[in-house]
Number of protein chains: 2
Amino acid sequence: MNSYIKHHEWLIIEEGFHPEYNRASESIFALGNGRMGQRANFEERYTGDSLQGSYIAGIYYPDKTRVGWWKIGYPEYFAKVLNAANWIGIDVEIDKEPLDLAECEVEDFNRILNMKEGYLERTFVARLTNGKVIRVRAKRFLSIADPDIGAIQYSVVPQNFNGEITFTPYIDADIRNEDANYNEKFWDEVCKETHKGEAYIVTKTKKLDFFICTGMMYAFHKNGEKININAVIIEKKKYTANKITVPVKKGEDLVINKYAVNVSSTNYEKSQLLKEAKSKLAGAFLKGFETLLKEHADAWSEKWKESDIEISGDVAAQQAIRFNIFQLNQTYTGEDERLNIGPKGFTGEKYGGSTYWDTEAFVLPFYLSTAGPKVAKNLLLYRYRHLKKAIENAEKLGFSDGAALFPMVTMNGEECHNEWEITFEEIHRNGAIAFAIFNYIRYTGDKKYLIDYGLEVLIGISRFWGQRVNYSQVKNQYVILGVTGPNEYENNVDNNWYTNTISTWTLTYTIESMDYVKRVDSEKFKQLIEKLAFNVTEELKKWKDIIDNMYYPVDGETGIFLQQEGYMDKEQQLAEDINPGERPINQNWSWDRILRSCFIKQADVMHGLHLLEDRYDEETIRKNFYFYEPRTVHESSLSPCIYSIVAAKLCDIQKSYELYLRASRLDLDDYNNEVSEGLHITSMAGTWLSIVKGFGGMQVRDNKIYFKPQIPEQWKNYSFMVHFRGSLLKVSVSNLEVNVFNLSDQSVALVLFNKEYKLRGNEEIRIKVN
Amino acid sequence: MNSYIKHHEWLIIEEGFHPEYNRASESIFALGNGRMGQRANFEERYTGDSLQGSYIAGIYYPDKTRVGWWKIGYPEYFAKVLNAANWIGIDVEIDKEPLDLAECEVEDFNRILNMKEGYLERTFVARLTNGKVIRVRAKRFLSIADPDIGAIQYSVVPQNFNGEITFTPYIDADIRNEDANYNEKFWDEVCKETHKGEAYIVTKTKKLDFFICTGMMYAFHKNGEKININAVIIEKKKYTANKITVPVKKGEDLVINKYAVNVSSTNYEKSQLLKEAKSKLAGAFLKGFETLLKEHADAWSEKWKESDIEISGDVAAQQAIRFNIFQLNQTYTGEDERLNIGPKGFTGEKYGGSTYWDTEAFVLPFYLSTAGPKVAKNLLLYRYRHLKKAIENAEKLGFSDGAALFPMVTMNGEECHNEWEITFEEIHRNGAIAFAIFNYIRYTGDKKYLIDYGLEVLIGISRFWGQRVNYSQVKNQYVILGVTGPNEYENNVDNNWYTNTISTWTLTYTIESMDYVKRVDSEKFKQLIEKLAFNVTEELKKWKDIIDNMYYPVDGETGIFLQQEGYMDKEQQLAEDINPGERPINQNWSWDRILRSCFIKQADVMHGLHLLEDRYDEETIRKNFYFYEPRTVHESSLSPCIYSIVAAKLCDIQKSYELYLRASRLDLDDYNNEVSEGLHITSMAGTWLSIVKGFGGMQVRDNKIYFKPQIPEQWKNYSFMVHFRGSLLKVSVSNLEVNVFNLSDQSVALVLFNKEYKLRGNEEIRIKVN
């Protein structure tokens with residue numbers, strides 16, 4: 001844990017220069033607009049520790065799988081998110097000495113992420129080794145009003161000299177991925193153009209033939225007046241630049257506005273990329289920095305209107321939740337159905353920008369409530385379109401007859417992760433994808449989705465479960481052997497309680513869904529049964545037998561649901577007994593030690609009790625919570641949010657608050673000492689859930705939305721908004737009262753503290769508490 | 001399985017050219033002399049499928065470990081055996097057309113490995129596309145009389161023309177490893193010299209700075225007369241050659257004798273390598289091919305005198321056992337204590353030429369019986385010298401206080417394998433290393449080894465076991481969680497019966513050994529206790545508690561020792577139920593399916609019953625054998641030999657014979673469809689054990705050697721020889737009698753069919769059977 005970030009309601013602030021945390025700051029202050037992302041690297045040269053990172057949504061590289069011992073079923077490649085052309089670069093020289101914060105004295109350094117308006121600003125005073133002192137202000141954003149465009153305003157004011165300042169705005173496409181194996185590079189240059197005042201470079205990936213055109217234009221102002229200065233053209237391999245030298249006097253404000261465009265062959269014809277780039281860039285240039293920024297900030301304002309959570313009395317919590325909402329909205333807008341949400345978004349290379357079960361298990365509920373059904377449906381359709389590949393994936397592992405195993409990690413539906421204990425064994429992901437269908441329909445009421453798309457996916461998944469179990473002669477029950485549960489600190493275990501539970505849940509829901517579709521659209525049902533060659537008698541019989549005879553491990557003495565068979569054979573210790581110097585254990589303990597320990601990376605049994613909360617009585621949930629939480633080290637970003645929600649349900653509001661704060665400030669306070677690699681985007685949705693579902697007690701059942709709000713004692717009040725069935729509700733909670741305001745014109749069925757209401761448009765309910 | 005090899009008592013014969021099996025043949029016909037090895041590649045150019053392979057003992061490359069998710073404890077590198085300079089190459093052109101068997105019509109092709117004299121011979125008639133027909137005979141060997149020297153005799157006789165034949169004898173050091181990741185090369189050229197008639201090249205490895213000087217000389221004979229012909233010198237990067245064109249007439253026998261030397265910086269000063277190479281090569285050249293071959297064949301004759309096994313009535317079995325003995329002796333001579341035996345010897349790149357537990361578990365008994373105590377002691381000392389690194393290795397995994405975990409795979413004592421389920425979990429290897437000490441002392445009586453070296457290793461290993469167990473509160477017993485047993489088709493299992501058993505065996509033997517050393521050399525004992533900071537009270541108390549309270553999984557119903565907990569939950573099937581087209585399963589089934597199946601790769605419970613045979617009654621062994629053998633797919637080369645020995649012990653001689661034949665002809669008949677990658681050298685020792693320990697019933701107990709021979713009905717008789725306590729015994733067995741001849745002058749204590757004898761030197765016992 002490491003807190004150098006200042007608390008503020010709307011801003012993320014680094015005060016003073018912390019080169020030792022620079023990579024962490026580059027992640028935390030990263031910008032994105034759903035189509036591209038940019039770490040908070042410096043525009044000017046920086047020779048200190050840094051991970052320069054520019055990423056473009058959907059652009060990846062299929063790197064060859066290399067393992068010590070090839071196992072049949074491994075995918076041929078794993079996907080790497082590609083670090084793309086650096087378009088932010090502006091090298092600066094002061095009387096021929098390069099500005100490089102690693103080589104200067106730096107004062108008054110501030111890096112600020114303005115979440116309200118969506119821009120990054122950096123200011124500092126630098127004393128170069130030649131004695132020249134300058135004050136610099138650099139401000140930039142990636143437009144959400146026009147997601148192909150980014151803009152930078154970079155100002156230099158000489159403090160103690162008259163002289164010459166040289167600017168070299170450039171595009172550098174000669175980029176290597178940090179995780180490249182042999183420093184190989186993944187981009188080839190297709191063509192480039194360099195003119196005075198503008199430059200373009202078209203690059204393509206060495207595999208899969210993604211093309212990108214990156215362009216730049218720029219303009220200079222001195223003391224607010226536009227100036228024209230002759231530029232020198234510079235071209236190198238995969239690099240294009242202008243070099244401009246400007247005479248300045250002490251106190252003069254010299255500003256360069258740099259406009260950039262990135263257009264990709266995923267959105268435009270390859271042959272038209274250069275033309276598109278020029279046209280878009282010309283438009284942006286014409287508008288100018290301030291106008292572009294205003295359009296961008298206005299768009300952010302619209303987003304905040306429907307998704308903000310306000311917390312008063314606790315700046316750290318307020319800052320954190322906005323940071324989480326901001327980063328989620330920077331990462332995924334729901335507009336492009338081909339895209340999904342990588343665990344690190346656009347903020348680092350790790351996890352390859354690919355899609356994990358995080359989407360269904362954590363992110364979907366956020367978008368369901370904050371963005372309405374279309375975005376959530378797009379996330380579901382993403383998997384529907386991958387069903388065929390999921391069936392092929394299962395076939396590679398030896399399954400047949402339409403059994404579908406969705407990939408653990410994917411870019412295009414193909415599995416692209418290659419550790420057997422994950423790829424082959426972390427099959428609970430299939431359950432999350434089934435549950436997401438249920439969850440979407442429960443929330444939206446869109447049962448037609450089941451008919452059109454959902455049932456087909458459910459049948460594929462249920463067929464997988466039907467084949468994946470085996471009957472144990474010694475137990476006289478079905479077992480699921482050799483799995484990795486959500487807790488990845490156990491591998492290849494037998495009868496993981498959560499996996500066994502979600503598998504029979506899926507089978508049950510699939511059977512119910514078949515009944516429903518058969519009832520409401522028998523023709524469609526018949527077509528589907530034929531298309532899938534579904535053997536109604538045999539397959540259903542098998543599924544029902546599994547549902548009736550599944551084995552669930554339970555501790556005989558305590559009745560605790562066992563995370564897996566044999567869990568109680570481990571040395572039973574508590575996380576608080578671990579030497580703090582050895583936390584996080586995954587950075588201090590050998591894998592061997594972790595695997596053998598009782599310590600839990602993330603909610604596992606608890607994930608089941610969270611998802612299927614209606615099935616279990618409070619005493620059961622309580623017993624399991626207080627057994628497992630003390631054994632959980634929360635070294636997955638996805639962990640504390642779930643425990644926080646469950647703790648709130650158990651009315652342990654202090655515990656819930658602690659876990660919430662840990663979840664929400666995971667990156668800002670770098671709990672797990674890894675934010676340098678990127679932010680934990682998907683878990684940010686879990687943080688949002690901690691408030692709305694945890695403290696707010698939101699549930700959806702029987703086409704009604706339920707709230708049962710509580711408030712941590714650290715807070716004066718808080719409010720959040722949710723979309724539900726066409727209405728937009730704002731829930732405000734204080735120590736004294738709970739207020740639900742229907743901001744829409746649409747009435748809504750609501751249950752507040754167990755009492756049912758029909759809340760009409762633009763009306764509110766106000767209930768006193770305590 | 002694939003049998004194109006002709007049966008013969010002393011020869012391995014490929015009759016007719018089988019380009020489709022060429023890589024397999026290159027493995028099977030490989031030559032080695034303990035210091036270098038050479039696959040049976042062709043001397044002349046060959047554009048068909050081939051793995052050109054020249055290997056030099058002890059020369060490896062530490063390749064960087066790359067894994068998807070780095071786990072603490074992983075070694076930084078894994079060792080790669082390096083494919084070294086090609087010194088056999090002689091390109092041949094017939095009237096300017098290159099000889100290339102992939103482009104010719106080939107007739108009368110024979111490849112013969114003469115095991116009695118240790119050479120490879122290849123003969124064929126080739127019709128080139130220009131219509132010219134030649135008869136070729138190529139013969140070569142790697143001298144065991146002077147292990148830096150190799151020699152080739154290559155003869156060409158024109159069959160239908162007068163013309164010109166061009167020879168290009170060369171050394172090509174521009175070699176890439178087939179398993180290189182990005183086709184990178186691991187050798188740099190240091191210098192070279194090319195003269196008419198001789199050439200040298202000094203290369204070094206890109207890491208670890210191993211230097212090799214490879215040299216060649218050659219001479220021509222026509223119809224037996226030496227001829228001198230002018231040569232053209234050719235040099236390229238890392239390549240040196242002479243090119244000689246010789247006019248010939250139809251029927252003339254044109255012969256080139258090529259002599260080669262490989263000297264390594266592991267044996268000579270780097271600065272002296274070139275000089276050494278020249279001097280050695282000059283000596284070899286002076287002797288000439290025939291003399292060198294005679295010295296070599298004589299040395300083989302000496303080896304066979306003491307290690308041959310004769311089988312009559314079964315040519316396939318006879319050929320196989322000689323092939324096994326021959327390959328073992330080609331791989332390891334026991335003369336260099338820095339060397340060990342890699343699973344594939346010098347016959348391929350797989351397994352990196354590194355040392356595995358195979359050495360202790362399979363190979364040591366072979367050398368104990370066939371080469372006397374010095375060679376076996378060298379193998380033990382190899383581990384003793386690695387003790388410090390084994391302690392460091394355990395420390396990396398979180399163990400402390402002198403606990404030692406020997407590496408799964410090593411070149412120099414450091415772990416160099418990087419799959420967690422193997423490296424961190426296949427800890428039974430530690431037991432094999434402890435057992436090897438016991439086995440060596442039991443066989444040789446050299447109890448002083450315990451005092452000087454053995455006890456220190458035993459304490460390190462026992463300390464590991466003492467820390468690796470944990471106490472299960474639910475079982476009230478010690479458990480060993482998270483291991484991979486010898487059966488690598490299970491990973492990360494709890495309470496592998498074999499591992500639990502060998503761990504308490506080790507603790508018991510260590511305690512006994514401590515008592516012994518304390519008794520016979522109390523001063524030395526005291527020193528050791530001090531050196532190791534051994535806490536006699538606490539550590540011994542813990543060890544005894546573990547011995548008394550270890551959990552061993554047993555099936556409640558049948559009393560079968562369970563391979564691991566939960567084994568009976570698997571779907572119980574038999575290997576014979578597997579569709580033959582899906583064998584071997586590791587080439588046809590996903591890893592997921594293999595892991596979940598009940599199928600066993602190699603002896604696991606059975607390995608324990610084999611090692612600790614005196615502990616278990618016959619009924620127990622029988623029950624387990626007939627449970628596990630039908631579930632075993634024998635897809636490790638190390639499997640059938642152990643089952644064969646146990647079957648013999650159970651007097652199931654037919655089963656034992658079947659398993660023996662499978663073990664001994666594993667490579668010749670390519671049972672597991674992988675001999676192309678190299679031979680299974682270490683398992684060959686297991687094959688030898690199948691005869692001596694299995695059919696011969698050899699045991700050593702109480703300083704006496706036991707035999708209880710049986711004979712498969714397929715055999716008329718068989719004989720084998722063993723060294724024991726200074727004597728050399730030849731045991732001959734037929735249907736009618738068993739004869740033990742003491743070939744030495746030293747008398748020996750012998751138990752034959754449960755009856756004790758003292759057999760004096762040069763005496764024999766003859767016992768009628770049946």
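This report walks through a helix, a few strands and a pocket in the structure above. Keep in mind that this is a predicted model.

**A helix in chain B**

Let's begin with helix H10 of chain B, which covers residues 448-468 and so counts 21 residues in total. From its first C-alpha to its last, H10(B) reaches 29 Å, close to the 30 Å expected at 1.5 Å a residue. Follow the helix with your eye and look for B:Gly454, where a kink of about 60° is centred. Is H10(B) largely enclosed by the rest of the structure or largely open, and why? H10(B) is largely enclosed, because 17 of its 21 residues are buried; buried here means under 20% relative accessible area.

**Strands in chain A**

Now turn to strand S7 of chain A, residues 90-94. One face of S7(A) is covered and holds A:Ile90, A:Val92 and A:Ile94. Strands of a sheet pair through backbone hydrogen bonds, either parallel or antiparallel. S7(A) runs antiparallel to strand S13 of chain A, and also antiparallel to strand S8 of chain A. With S8(A), it forms a hairpin that has two residues between the strands. In that turn, A:Asp95 has a positive phi of about 45°.

S3(B) is joined to strand S4 (residues 36-38) by two bridges.

| Strand pair | Bridges | One bridge pair |
|---|---|---|
| S7(A) and S13(A), residues 163-172 | Five | A:Val92 and A:Phe167 |
| S7(A) and S8(A), residues 97-98 | Two | A:Ile94 and A:Glu97 |
| S3(B) and S4(B), residues 36-38 | Two | B:Gly32 and B:Gly37 |

**A pocket lined by both chains**

Finally, how much space lies in the second largest pocket? The answer is about 730 Å³. Of the 41 residues that line this pocket, those closest to its centre are A:Asp494, A:Glu565, A:Gly566, B:Asp494 and B:Glu565. Two elements give two or more residues to the lining: helix H13 (591-596) of chain A and helix H14 (591-596) of chain B. By type, the lining of the second largest pocket divides into 15 nonpolar, 11 polar and 15 charged residues.

Conventions: Residues are numbered from 1 along each chain as its sequence is written. Chains are lettered from A and ligands numbered from 1 in the order in which they are written. This is a predicted model: local features need pLDDT of at least 70, side-chain atom pairs count only at pLDDT 80 or more; totals for chains, interfaces and linings use all residues. Side-chain values use heavy atoms; hydrogens and water are left out. Helices (H or I, at least four residues) and strands (E, at least two) are DSSP runs, numbered from the N terminus. The expected span of a helix is 1.5 Å times one less than its number of residues. The bend at a residue is the angle between axes fitted to the seven residues ending there and the seven starting there. Buried means under 20% relative accessible area, exposed over 50%, partly exposed in between (1.4 Å probe, protein chains only). On a 1 Å grid over the protein atoms alone, a cavity is a set of points where a 1.4 Å probe fits but cannot get out, and a pocket is an open set with protein on both sides within 12 Å along at least five of seven lines; lining residues have an atom within 4 Å of a point. Grid points are joined across faces, edges and corners, and a volume is the space filled by probe spheres set on the points. Ala, Val, Leu, Ile, Met, Phe, Trp, Tyr, Cys and Pro count as nonpolar, Asp, Glu, Lys and Arg as charged, and the others, Gly among them, as polar. Two strands pair if DSSP finds at least two bridges between them.
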